[in-house]
Amino acid sequence: MAEEEGYEQGAQPGQFAQYVPIPELDQAPVNILCPYCGANVVTTIRREMGTFSWIMVVLLAFFGGYCCLCLIPFFVDSCKDAVHICPNCGKQIGRYKKM
Ligand SMILES: [Zn+2]
């Protein structure tokens with residue numbers, strides 16, 4: 001019984017409510033099926049200050065509180081979280097957290 005007519009697919013853009021499992025995210029862009037627009041995309045990475053970054057700021061301020069050492073995490077991408085953005089619809093798909 002494979003009769004499921006009357007159900008139109010893709011008729012309502014923006015109503016893409018199908019659950020798409022998001023694979024383990026990393027620092028690097030990943031090939032993913034966007035859960036929002038349904039496009040198969042390679043994510044764009046945006047770096048944001050995360051918990052790890054702020055801990056680094058505090059630690060550096062404690063132990064090397066001279067110069068502007070504690071500001072290093074603001075400029076070092078590897079200290080930051082990686083936010084994965086869909087280049088097609090511009091929505092945030094997921095976030096790789098350092099901590
Ligand atoms: Zn998208």
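I take two strands as paired if DSSP finds at least two bridges between them. Helices (H or I, at least four residues) and strands (E, at least two) are DSSP runs, numbered from the N terminus.

**Entry 1. Ground rules.** I am working on a predicted model, in which local features need pLDDT of at least 70 and side-chain atom pairs count only at pLDDT 80 or more, while totals for chains, interfaces and linings use all residues. Residues are numbered from 1 along each chain as its sequence is written.

**Entry 2. Confidence.** I looked up pLDDT, the predictor's confidence in each residue, from 0 to 100. The protein chain has a mean of 80, and 75% of its residues reach 70 or more. I found the highest confidence in E2, at 95, and the lowest in helix H2 (residues 72-75), at a mean of 81. Residues 8-12 have pLDDT below 50, and I noted zero contacts for this stretch in the model beyond near neighbours in sequence. For contacts I use the criterion that the C-beta atoms of two residues, placed from the backbone, lie within 7 Å.

**Entry 3. Overall layout.** I counted two helices and five strands in the protein chain. Along the sequence they follow the pattern β-β-β-α-α-β-β. Of the contacts between residues at least 6 apart in sequence, 56% join residues at least 24 apart.

**Entry 4. The sheet.** I traced an open sheet of three strands, in the order E3-E4-E5 with antiparallel pairing. Its edge strands are E3 (44-48) and E5 (92-96), each of which pairs on one side only. From one strand to the next the twist averages 25°; the axes behind such angles are lines fitted to C-alpha atoms, for helices over the stretch in contact, and the angles run from 0 to 180 degrees between N-to-C directions. As a general point, strands of a sheet pair through backbone hydrogen bonds, either parallel or antiparallel.

**Entry 5. Bridges.** I then listed partners across the sheet. E3 and E4 run antiparallel and are joined by five bridges; Arg47 has Ala82 as its bridge partner in E4. E4 (residues 81-85) pairs with E5 in the antiparallel sense over four bridges. On that side, Val83 is partnered in E5 by Arg95, His84 by Gly94 and Ile85 by Gln92. E4 and E5 form a hairpin with six residues between them, and I noted a positive phi of about 80° for Gly90 in the turn.

Entry 6. I call a residue buried if 20 or more other C-beta atoms lie within 10 Å of its own, exposed if 12 or fewer, and partly exposed in between, with C-beta atoms placed from the backbone. A nonpolar core is a set of buried Ala, Val, Leu, Ile, Met, Phe, Trp, Tyr and Cys residues joined through C-beta atoms within 7 Å. The largest one here has five residues, namely Ile32, Cys34, Val41, Cys86 and Ile93. Not counting residues up to four places away in sequence, Ile93 touches Ile22, Ile32, Cys34, Pro35, Thr43, His84, Ile85 and Cys86.

**Entry 7. Pro73.** I located Pro73 in helix H2. Pro73 counts as buried because it has 23 C-beta neighbours inside 10 Å. Beyond four places in sequence, I found Pro73 touching Ser53, Met56, Val57 and Cys79. Ile55 is 18 residues from Pro73 in sequence, and their C-alpha atoms are 9.2 Å apart in space.

**Entry 8. Val42.** Val42 lies in strand E2 (residues 40-42). I recorded Val42 as partly exposed because 13 C-beta neighbours fall inside 10 Å. Val42 touches Pro29 and Asn31, not counting residues up to four places away in sequence. From Val42 to Ala28, 14 residues apart in sequence, the C-alpha to C-alpha distance is 9.9 Å.

**Entry 9. Ala39.** I placed Ala39 in the loop between strand E1 (31-33) and E2. Ala39 is partly exposed, since 13 other C-beta atoms lie within 10 Å. Leaving aside neighbours within four places in sequence, Ala39 is in contact with Cys34 and Asn88. I also noted a C-alpha separation of 9.6 Å between Ala39 and Pro87, which are 48 residues apart along the chain.
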